[in-house]
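Colleague: I would like to learn how to read several features of a protein model. Could we take them one at a time?

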Amino acid sequence: AAMRALPANGDRGFRFLGLERVERVFAYEALREEAERRAAHLQARGVRRGDRVAIIVAEPHEFVLTFLGVVTAGAAPVPIYPRAGFKNLDADVEVLAHVMRESGAGLACCLPGNRELVDRAQAMISTLREVLEVPEAFEGRPAPFVTPDLGPEDLCFLQFTSGSTSQPKGVCVRHGNLVANASAFLGPHGLDRNDDDVGVSWLPLFHDMGLIGFVLGTLVMDIPVVLLPTESFARSPRLWVEQLTKHRGTITFAPNFAYQLVTRRVKERHMGALDLSPLRVAGSGAEPIRAKTLEAFATHFAPAGFDRKAFLPCYGMAESTLAITFHTLGTPMRVDRVDPVALREGRAVPAEGDGAIEVVGCGRPFPAHDLRVVNEAGEDLGEREVGEVWVRGPRVTAGYFERPDATAEAFAEGGFLRTGDLAYRAEGDLFICGRVKDLIIVRGANHHPQDIEWAVGDLDGVRRGNVFAFSVVSDGTEELVVAAESHSSDAASLRERIPEEVAAKFGLTPRHVAMVPLGTLPKTSSGKAQRRKAKALYEAGTLEEHP
């Protein structure tokens, strides 16, 4: 419905920079025509309203055109990260097969380069009847397109929880959720879009911030965008600010690590060719936000015209479609300095000095949405008291696809989504300061600690069931620490083998591997892991390690 309502005015639309640096431009009318053409091909192959179609495509323009084709046909795309790791190919195949099986996808679309991976996964799934290679599968003139009858409650797509190999779940994003979210975060109480706006993004399109923020939301609200391959940014971070300069980008978003990376990689000699003065929104989300990282970026790029008031810290999650709170547009970033000991005890007490922790404000919820900070009993907490964030409103999704147990667990009485995130309010703004769930977020990707712990626990010499994985903040970024029990005779070799195992299976490099004596890691009387206590011991320097 949003695509049919778009104006066919000139060259407003999407510009793609391909993996080979080839630019492709699609005005809105061309996007609509190609989406309907691909939808007709899909309908001819038996795709009907409500079906699920997996998309495993890394090339931005092919991903977007195929995604829109599936939605236009009335079906629900299932974006999946096109993993291509040779070190752990079997695990990649298992994750791909799990997501396609969980979604009940009947079709999968991929590029020729990852066809072999998809074929291996297909052999493990009874519901996947056909694999299509794009763009070849959409060549030629199809039968006439038939417009499906869709409404706000129809499923638009499935957003599978990112970064975890521990049974990812598909968040049901409905058309109504999507329009409500786009209207909120791009409307007058969010980014307040205008006709001169241009979005520039390299964010992964299989993840909500890239997909909803720079493809679906911008379509709904008519904002031209420039989309870069994530791989191109990873190879050359300078490409991000070069494309912002070239296209006079006004809106961009990225996780904290990207601001740090581009600050380090772009040298003073490059500044003369850069112009970031048009940039009015530099959003940051998807992982913990560090004030020092953003301040360093602002100082570094001031010669290129960057205005530090463009920073827009935000907070969101897939289960709420995308955005939950936004910092107030055009105002200085709020940084709260609090006492670390009090914060661990659940109180955000203002403090100064070197020992104070800096917490970045993520702004306020949008109109027509309720946000609560509650204790373990579900009771509302007061100013500067730390509790779990609960949220309710039209952007909150209905839960997980065909997972009533997980959906029931995610929602509290009154329809509030339990986010699992710890935060406090101060003078109207929300400050995120931890997680109820012990997720590890590194470079914008979520990792369940249990997955890492199980993999390490399988190594000879590690006392199985006595491994803890947690994250710590170092130099402005969140990094992984692994603590494992072993005999002293095995400690030296395990300090080498554990990082190799974690890198091979998860693509992570631990900041530190703590090999500790047997019986050292804290557990409850019933044997449950006390991960947070272990983290506190490590951060305090009191976790006993083998020499």
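Modeller: We shall discuss a helix, the nonpolar cores, a sheet and the cysteines. Please keep in mind that this is a predicted model.

Colleague: Let us begin with the helix. Which residues of helix α16 are buried?

Modeller: Helix α16 spans residues 531–540, and its buried residues are Arg531, Ala534 and Tyr538. Viewed down the axis of α16, these buried residues lie within an arc of 65 degrees, so they line one face of the helix.

Colleague: What covers the buried residues of α16?

Modeller: The cover includes α14 (449–457) together with the strands β24 (462–474), β25 (477–486) and β26 (512–516). Just after α16 comes Gly541, which takes a positive phi of about 75 degrees.

Colleague: I turn to the nonpolar cores. Which residues have the most contacts inside the largest nonpolar core?

Modeller: They are Phe14, Phe253, Phe301 and Phe306, in a core of 108 residues. A second, separate core has 24 residues, among them Ile80, Ala108, Leu117 and Val131.

Colleague: What does Phe306 touch, not counting residues up to four places away in sequence?

Modeller: With those excluded, Phe306 touches Leu276, Leu279, Ala282, Phe297, Ala298, Phe301 and Phe311.

Colleague: Next, the sheet. In what order do the 4 strands of the open sheet stand?

Modeller: The order is β18-β19-β20-β21, with antiparallel pairing. At the edges stand β18 (370–374) and β21 (429–435); each has a single partner strand, so one side of each is left without a neighbour in the sheet. On average, neighbouring strands of this sheet are turned by 45 degrees against each other, direction ignored.

Colleague: How many bridges join strand β19 to strand β20?

Modeller: Strand β19 (residues 387–392) and strand β20 (residues 417–426) run antiparallel and are joined by 4 bridges. For Val391, the bridge partner in β20 is Leu417.

Colleague: Finally, the cysteines. How many disulfides does the structure hold?

Modeller: A disulfide is a covalent bond between the sulfur atoms of two cysteines. This structure holds 0 disulfides. Cys110 is in no disulfide, and the nearest cysteine sulfur, that of Cys109, is 7.8 Å away.

Colleague: Are Cys110 and Cys314 buried or exposed?

Modeller: Cys110 has 0% relative accessibility and therefore counts as buried. Cys314, at 11% relative accessibility, also counts as buried, because the cut-off for that class is under 20%.

Definitions and conventions: Residues numbered from 1 in each chain as written. Predicted model: local features only at pLDDT ≥ 70, side-chain atom pairs only at ≥ 80, totals over all residues. Heavy atoms only, no water. Buried < 20%, exposed > 50% of the residue type's maximum accessible area, 1.4 Å probe, protein only. Helix = DSSP H or I, 4+ residues; strand = E, 2+ residues; numbered from the N terminus. Arc of directions from axis to C-beta. Contact = heavy atoms within 4.5 Å. Core = buried A, V, L, I, M, F, W, Y, C linked by side-chain atoms within 4.5 Å. Pairing = 2+ DSSP bridges. Axes fitted to C-alpha atoms, helices over the stretch in contact; angles between N-to-C directions. Disulfide = S-S within 2.5 Å.
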